Amino acid sequence: SLAASAAKAGPQLLGHLSFPLVKPTDEWSLWFALIASAAAGIQLEKTQIGAALSAPLVTMFITLCLANTGILPTATPVYSAVNRIIVPLAV
């Protein structure tokens, strides 16, 4: 049946993926993901929940979710650059 074939296809599909989806050495994709997360945080700040939390907190939540789900790596030199250069500029 359809449900049985979908159950069989699920693990096979995930078996072909390698996590994290964005590799720690893929700097362009990492910068894009971080900038897109910041843009989403700014846009979500216009909502009632986003205004209560603030854009930086929403941005951190988005990137934490991306890292914990295996889309972004948990450690990369790009994060060091963000903490060393961009965070001090924001403060």
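Reply: An axis here is a line fitted to C-alpha atoms, for helices over the stretch in contact, and angles run from 0 to 180 degrees between N-to-C directions. The model is predicted, so local features need pLDDT of at least 70 and side-chain atom pairs pLDDT 80 or more, while totals for chains, interfaces and linings use all residues. Residues are numbered from 1 along each chain as its sequence is written, and side-chain values use heavy atoms, without hydrogens or water.

Helix 2 covers residues 27-44, and its axis comes within 10 Å of that of helix 5, crossing at roughly 50 degrees; helices are DSSP runs (H or I, at least four residues), numbered from the N terminus. That angle makes helix 2 oblique to helix 5 (under 35 degrees is roughly parallel, over 145 roughly antiparallel, 65 to 115 roughly perpendicular, the rest oblique). The crossing of helix 2 past helix 5 is right-handed (the near helix is turned clockwise from the far one by less than a right angle). Helix 2 supplies E27, L30, W31 and L34 to this contact, and helix 5 supplies V78, Y79, A81, V82 and I86 (contact means heavy atoms within 4.5 Å). Sorted by class, the contact of helix 2 with helix 5 holds 8 nonpolar residues, no polar ones and 1 charged residue (Ala, Val, Leu, Ile, Met, Phe, Trp, Tyr, Cys and Pro are nonpolar, Asp, Glu, Lys and Arg charged, the others, Gly among them, polar).

Helix 2 also packs against helix 4, at an angle of about 135 degrees and with the two axes 8 Å apart. Helix 2 and helix 4 are therefore oblique to each other, and helix 2 passes helix 4 in a right-handed crossing. From helix 2, L34, S37, A38, A40, G41, I42 and L44 take part, meeting A55, V58, T59, I62, T63 and L66 of helix 4. This contact of helix 2 with helix 4 comprises 9 nonpolar and 4 polar residues, with no charged ones.

Between helix 4 (55-68) and helix 5 (77-90) runs a loop that holds T76. T76 is buried, at a relative accessible area of 9% (buried is under 20%, exposed over 50%, partly exposed in between, with a 1.4 Å probe and protein chains only). Apart from neighbours within four places in sequence, T76 is in contact with P24 and L30. L30 also belongs to the contact of helix 2 with helix 5. N68, in helix 4, counts as exposed at 65% relative accessibility. The C-alpha atoms of N68 and P20 lie 9.4 Å apart, although 48 residues separate the two in sequence.

Technical notes:
Helices (H or I, at least four residues) and strands (E, at least two) are DSSP runs, numbered from the N terminus.
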